[in-house]
Structures are given as C-alpha cells and as structure tokens.
Amino acid sequence: METSFTGRIWVLGDDIDTDIIIPTEYLALKTIDDMKQYGFSPLRPELAGEIRKGDIIVAGKNFGCGSSREQAPEIIKALGIQCVIAKSFARIFFRNSINNGLLLIEQPELHDHVKEGDEVTVVMNQHVDHNGKQYPIASLPENLMDILRAGGLVKAMRKLNGLD
Amino acid sequence: MGMTIAEKIIAAAAGVDSVKPGDIHTVELDRLMSNDGTTHLTVDMYRNKLKHPHIKDTKKLVFIVDHNVPSDNPKTAASQKKMRDFAKENQIDFWEGKGVCHQVMMENYVRPGELIFGADSHTCSYGALGAFGTGVGCTDFLYGMVTGTSWVLVPETVKFNLIGRLPEGVYARDLILTIIGEIGANGCNYQVMEFTGEGAKTLSISDRMVLCNMAVEAGAKTGIFEADEKALEYLKEHGREPKAVYKSDPDAVYAREYTFDLSKVRPVAAKPDFVDNVVPVEEVAGLPIDEAFLGSCNNGRIEDLRVGAELIKGRKVADKVRFLVVPASLTVYRQALKEGLIDIFMEAGAIVMNPNCSVCWGSCQGVIGENEVLISTGTRNFKGRAGHPSSKVYLGSAATVTASAIAGKIALAGEIR
C-alpha cells in the first residue's frame, strides 16, 4: 500500500446506505463487474459511469449504514475508488471494507471544506491534504493494516497459511 | 473494574478474565448463521479461493433460506441450490421456507451468553435472550466458518434505562423508533445498546426482539437485555438451557446513559428515507398508500398478527390497496391459523404469504413501483429499499400498518377502533 496518494474526489452526503451503494434488485447479477454499473444508482444514476480509477469518495457521517451485503465495498473497489474518506462509517461496512481491502479513512472536517472534482492527497496514517490545508487522520491498528496490505481477509488468510 | 453483559460475553469467548472497550480480541464463536442473501458468495470463496478448505465445526453452522423463498427467478434458484448442496455435503443444519432467519434462530438455537455471528445485519436481534449476536459480511463469515474464531474490537456499552410501562395501543415498535429518532441513525455506532430497568422487565421476549433487532439502525454492534425469568421461561418452552446468564456489574462503565419513560411513548412513524426520521403518526396521517406490509423479523410474530387481526376483524382492506401479511416463521403461521387470525386477514382481503423476508428486503414479493407508497413493519425505509428508487417507505407498528391498510391512507389505530 502506497504511503501517500492523490485522487480526484466525488462528494456524497450523510447516511449513504448499502441500498444506495447497490440496490437489492441487482444483487442477483452474477458478478461484481455486472453489478458495479448500478452502484449509487438510486441517488446518482450517472455516477458509476463517471468514476475513474484512483478517484476518492468524500462523504458525511454514517457511510455504509444498513445491510451486511459485502457487495457494497466490493463494488466501490471495483469502480476503481482507492479510498473513502467520511466523517464516520457504519460498523459492518467498516469490517467488510477492511476484509475486502478497501481503505476507509475517518476525518470529521474535510467533508465540509471540499467540492466535487477537487483533488486531495492522503498521507497514510498522518493527514489528508486539500488546498494547502492538512486534516489529521488516525492510524489503523496494525492487525487491520495487515489485512488491508494483503488486499483483504481471504488473501491475508492465504498468506498466513503460506499459500501465497 | 466491573463489566457489562456484552463485555462478559466477549471475555468468555476470548478466554480472558476481563476486557475493556477498545481492546481487540480473538474470540471463539458459539454459532454462525448465514442466509440466501450472501451464502452463495461464501461458498464460492470457500471453494475457489482457499486451498484444502475445512470447516472447523459444522455443528455450529446454520444455513437459512429466507430472503427469496420460494425462489423467484433462475438466478436465485441457482444460488440457493449452491447453498443447499453445500449444506448437504457438509452436514450443515439447513432451513428453507421455515421463516425469517432471526426468528428461526430465536425459536431453535439462540442461548443466553452465546456469541453469534450472522451474515445479516439484523443478527443483533439475539440480545433479546441475553446473547451477543452481530452482523458480519460473507468474508468474516468464511473466516469464522474455517477457523471457528474471529476478531472483535470490544465496543463501549450505552445504557438505556427504561421506566414505566407502554400505554394501551402503543408498542415496542413505537418505542424503538422513538429511541432511534432521538439518538439518530448512527447514535450508537459501534456500541452496544443495553436495555435495562423496571420498564425492560415489563417487555415480552417478542418486544425485546423488536428493540434489539433495530439496534443496527442506530449503528449499534448489538442490542442486549439481561436474561431474566421471562427469557429463561422462553428458553425452557423451546427446550433449551442457557450457556451462561450474565448481569452487568453495578460498577460497569457505560459510554452514556439514557432514560426513556415507556408511559410517554406515542404511536410514531419513520418517514422516508431514513429510520431516524421519526414523527408522531398524526403528522403523516391522511397520506394515501398503495401497500401495507405486516411481517418481518422485526414485527411479524404472533403478538403482532394478533394486534393486526383484532383491528381488521369485521373490516375490509381499502379498495386498490394491497395488504401483505407475512408471518415471521412457520411456527408463527401455524399458531395464527390455530387462533383463526389467518382467516380474519383473508376475510378482510389481505394477501397472506409464506414466511420470508418479503418486501422488507425489496426483492421476491410485494415490491412497489414508481412513486408508490408503502407503510411497513419492516426494518428499513431507505431510498428504493422496497422497490423503485422513487417509491416511498414509511415505518410504523402493526397497529398503524393495519389501520392504514383499512383506511387506504396512513392512519392511527385509535381512529379505526
């Protein structure tokens, strides 16, 4: 995992729930790649088509609330989003994201100072930079970083078992 | 330092004397439940991503088909077949068409003191019996299935001191919506909601399940009650013994405390598109509806069907309104048959369905179309949750939902009576 990276941002509001990230009716599709075009469709049908690899989502509080469907973080990752920065995350989504190697960063203020299309730079475990201002971020516990670095829990299990 | 019920359960599962919030522990899981929402993904990962995979203890696993049952298209039929075949190959307890997973778990498995992971967000329901149930994704489930363990960050506990007694015509459903309305949809994010006090004792096991089930809608990791005489009686009726009965220590540390006077709770509804968008029913009364839903793991038990049936007996569902009645389990369904409730609903023009998640999960049956309005006893009212993105879901009690089905618009049960 890079120690710092820069990306273009998409700005979303509070309480972005898992039914917005991927509505129930598309869960029956065969693969995450089939589903990803419908990501965020109830809120912004055009968004999935416009996200480019390396983009970053900046959101308000309680991002990922709702169901335990793991397709939610998988789709965000498949769309090419390199990390989500939010005021806070819902807990099941948080676990699922770590387990799938999607980086989440909690930052309570950034959301109030950015606009869509801006660029932010993340310096891992230290701060997020935007328009010359630094917003401090916490570091993740080491055991969770291990999972993220491996690219998710299953990959971390394979590593532990000496399979990779 | 004293510990809360939740902390004691985690300490026991971690094999340590004490834990405190913020600690990360490896815990042994007592049980793992997965349903047809995601089991096929777990099976795929198990088969394709692991080398020589092995299930730690098949006796701890329960697979339940409840989300799309009976299957509604070839894709769900295929994913359910995958789940069914896998359960058979590995001698995993398998339930299909017997009820919503959490109701089946409560009737057949959950014991006080257990730590249970479920691949469904409403696994927090099991706190009604003094167990620690929490929802996880399919990767966490896979890890638990293979190793028998998982990791937990010990959550803080928030105390909800309940006093008084719910008035006539006001239900646990109104209480939990009131609580979530007050603390917000992330009011207890990553915390445990412990319900206690004299008011808690007045609540039935079904009521307690209503409260714990929606703990996740306040962001909580779980909701929990102390397993008292009522819980032990329920357990005995269902032929089970507790694993361990824990009480919170007098010097246990809580992140916050709230007091709710049950006698002051009034019928409420959660407006679209957020569960914490809670108002008195009067404020939305008169809004025309297209569909009403009485069911779900939150509010589809015999107690809820009795409330609905008592109200609709001798009356009719409004013209052009669909009233879906979906018992939460086969046991509930058969009890309702015995009591003549199903006949009352049918006589009134309701559509009585087999036990399943139904429109609460927005697939399979009862899905609503463009701009349609649903009033529901389900768990969520997110945008598009029950069908078309432009449709609207209001949440209310069994009484409010049934009254609305009769009136054809959102209505207070008191006005129908």
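1. A salt bridge joins the side chains of Arg95(A) and Asp140(B), with a nitrogen-to-oxygen distance of 2.7 Å. Please keep in mind that this is a predicted model, and that the distance is therefore a computed one, given that side-chain atom pairs are counted only at pLDDT 80 or more. Across the interface of chain B and chain A the rule finds 2 salt bridges, and the count of residue pairs in polar contact between the two chains is 15, with both residues at pLDDT 80 or more.

2. On the side of chain B that touches chain A, the elements giving two or more residues are helix 2 (39–48), strand 6 (132–135), helix 5 (138–147) and strand 7 (149–153) of chain B. Helix 5 of chain B provides the largest share of that side, with 6 residues. Sorted by class, the residues of this side of chain B comprise 21 nonpolar, 13 polar and 9 charged.

3. As for the extent of the interface, 43 residues of chain B and 37 residues of chain A take part in the contact. The area buried between chain B and chain A is about 3,400 Å², and carbon and sulfur atoms give 59% of it. Within chain B, the residues that lose the most area to chain A are Thr139(B), Trp151(B) and Lys383(B), which together make up 17% of what that side buries.

4. The largest pocket holds about 1,000 Å³ of space. It is lined by 43 residues, of which Lys30(A), Ile32(A), Glu74(A), Leu41(B) and Asp44(B) are the closest to its centre. Two or more lining residues come from each of helix 2 (32–35), helix 4 (71–78) and helix 7 (153–160) of chain A, and likewise from helix 2, helix 3 (74–89) and helix 5 of chain B.

5. Which element gives the most to the lining of the largest pocket? That element is helix 3 of chain B, with 6 residues. The lining as a whole divides by class into 13 nonpolar, 17 polar and 13 charged residues.

6. A last point concerns Asp23(B), which sits in the loop between helix 1 (5–14) and strand 1 (24–28) of chain B. The side chain of Asp23(B) reaches the backbone nitrogen of Lys20(B) at 3.0 Å. Leaving aside residues up to four places away in sequence, Asp23(B) touches Val152(B), Leu153(B) and Val154(B).

Methods
Residues are numbered from 1 along each chain as its sequence is written. Chains are lettered from A and ligands numbered from 1 in the order in which they are written. This is a predicted model: local features need pLDDT of at least 70, side-chain atom pairs count only at pLDDT 80 or more; totals for chains, interfaces and linings use all residues. Side-chain values use heavy atoms; hydrogens and water are left out. Contact means heavy atoms within 4.5 Å. Buried area is the accessible area (1.4 Å probe) that two parts lose on being put together, summed over both. A salt bridge is a side-chain nitrogen of Lys or Arg within 4 Å of a carboxyl oxygen of Asp or Glu. A polar contact is a pair of N or O atoms within 3.5 Å; within protein, one must be able to donate a hydrogen and the other to accept it, and residues adjacent in sequence count only if both atoms are side-chain atoms. Helices (H or I, at least four residues) and strands (E, at least two) are DSSP runs, numbered from the N terminus. Ala, Val, Leu, Ile, Met, Phe, Trp, Tyr, Cys and Pro count as nonpolar, Asp, Glu, Lys and Arg as charged, and the others, Gly among them, as polar. On a 1 Å grid over the protein atoms alone, a cavity is a set of points where a 1.4 Å probe fits but cannot get out, and a pocket is an open set with protein on both sides within 12 Å along at least five of seven lines; lining residues have an atom within 4 Å of a point. Grid points are joined across faces, edges and corners, and a volume is the space filled by probe spheres set on the points.
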